[in-house]
Structures are given as structure tokens and as C-alpha cells.
Amino acid sequence: MQFFIDTANVDEIREAWDMGIISGVTTNPSLIAKEGKDYMKTLKEITDIVDGPISGEVKASTTTAEGMIAEGREIAKIHKNMVVKIPMTTEGLKAVKVLTAEGIHTNVTLVFSASQALLAARAGATYVSPFLGRLDDISTDGITLIEDIMQIFEMYPDITTQVICASIRHPMHIVECAKTGADIATVPYKVLMQMTKHPLTDIGIARFKKDYESVFGK
Ligand code: G3P
């Protein structure tokens, strides 16, 4: 399973990229709005940091296929690595079909059921993004959704759509996603940092330091 970082914060992206742990970035309108900077310039800045797929979403106010196609083309022009993120609606599926035919990569977002994921795959989506955390939030098991999608996609070799586990809230989501064979998890910076931690690692480092310094000094 590969990791993307789920943020529009360029400092977090740079830090994760320098650690060698991420191969792409996902953003959404909420994440870019949080940074308070120009939408398209923020996406451009991210392409200067990460050499890998970068998802930029069509405007949250755009609901027609025509609108999403026009915006998708503009997003794709930013850089060859740009992936156009499109909401899982009937209009969104039409936009995916057209953009895919033009060779533009797409990521169908706000996927909450296996049937939605299957439709997005058939429309030609490069990626689908099922949201685990938001399902867990409403007492529905998000991991079961990932398992179902993986099982279905693996049964049909003509489906090449990759699964991005999204709305990740904690490190155990990552472990459970990896066990399903999912292609990618897009992870907030905070969770990536939580994944690096183990109390026995900290205790081990402190003990090595103490033992070393007791014999060799500082
Ligand atoms: O990028 C989409 C997704 O990861 C959002 O996560 O935490 O807002 O449910 P969250």
C-alpha cells in the first residue's frame, strides 16, 4: 500500500516528502480553504514539491458535468501530475467519462458504498476514494467498505481503478486498510506522525544514549 498525504499545507507536504514516505497528495476544498491561499496557486505550489499524483478537486459549487469538465481541464493544465477530483454524482460520472477519454486522470471522491465505487470504476476513474472515518462517525464500519470494494475489484481484472482509502483518522485504520490489499491510503500529517511513534522506541533511544554516555561520554 502506498501513502499519499491528505493536506493542502505545503510545510506538512514538504516534511512528509523529505521523509520518503509519500508518493502523492490529495486535497479537497475544505483543506485548501483552511490554508487561506489561492486555490490554483496552492495546487501549483504542491506540484513543485511532490513528484507524484496530486488530486485537486473541482469547485464545491460546480454541480454540472460541463462545469466539472471545464474546471478539470484547467486543473490538468497545472502540471502533468495533476489528478482531477470529482464528487460521486451522476454529473460527476459524466465528467469522469469525458476527462478519461481526454487522457486526464480522475479521482472520484465522497464514495460511501461499494456500488458507488463500481460505477466510478466503470465510468473510467483512475482512482476511487472511499471515506472510512466518516462512516465510522455514523456507527457504520468503514473498513468493511474497503474490504467489499477490494473484493469486487479483484474479481474483475478489467477494472484498473485504484482504491485510495480516505478519511483516515488513526494508525489502526492504516493497518486495517493495508490488510485489505488497498492500493493507497491518503493520510493526514498528524496520523503519519502518530505512525512513527512507539513508546519502546523512545525508551530504547534513551537507554542507548545513557549507556553510551556512561562509557564514552558526550
Ligand atoms: O480528502 C478527503 C478525506 O480524506 C477527508 O477526510 O477527515 O474530512 O473525513 P475527513
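A polar contact is a pair of N or O atoms within 3.5 Å; within protein, one of them must be able to donate a hydrogen and the other to accept it, and residues adjacent in sequence count only if both atoms are side-chain atoms. Welcome to this predicted model, in which local features need pLDDT of at least 70 and side-chain atom pairs count only at pLDDT 80 or more, while totals for chains, interfaces and linings use all residues. Residues are numbered from 1 along each chain as its sequence is written, and side-chain values use heavy atoms, with hydrogens and water left out.

**View 1. The protein chain as a whole.** Let us start with the overall picture. The chain has 11 helices and 8 strands; these are DSSP runs numbered from the N terminus (helices: H or I, at least four residues; strands: E, at least two). Its C-alpha trace spans about 70 × 40 × 30 Å along the principal axes. Of its 218 residues, 45% count as buried (buried means under 20% relative accessible area, exposed over 50%, partly exposed in between, with a 1.4 Å probe and protein chains only).

View 2. Thr26 sits in strand 2, residues 24–26. Is Thr26 buried or exposed? Its relative accessibility is 1%, so Thr26 counts as buried. The side chain of Thr26 makes a polar contact of 2.8 Å with the side chain of Asp6, and another, of 2.5 Å, with the side chain of Thr186.

**View 3. His79 in its loop.** Look for His79 between helix 4 (65–78) and strand 4 (82–87). With 23% relative accessibility, His79 is partly exposed. A polar atom of the His79 side chain lies 3.0 Å from the backbone nitrogen of Asn81. By contrast, 31 Å separates the C-alpha atoms of His79 and Glu154, which are 75 residues apart along the chain.

**View 4. Two surface patches.** Patches are made of residues with over 30% relative accessible area and no salt bridge, joining like charges within 9 Å and nonpolar side chains (Val, Leu, Ile, Met, Phe, Trp, Tyr) within 5 Å. A salt bridge here is a side-chain nitrogen of Lys or Arg within 4 Å of a carboxyl oxygen of Asp or Glu. Asp136, Asp141, Glu147 and Asp148 form a patch of negative charge. Of these, Glu147 belongs to helix 8, residues 142–155, and is partly exposed at 40% relative accessible area. Tyr212, Val215 and Phe216 make a nonpolar patch of about 380 Å². Tyr212 lies in helix 11, residues 199–216, and is partly exposed at 48% relative accessibility.

Methods
Areas by Shrake-Rupley, 256 points an atom, 1.4 Å probe, with all protein chains shown as cover. Lys, Arg positive; Asp, Glu negative; His and termini not counted. Charge placed at Lys NZ, Arg CZ, Asp CG, Glu CD.
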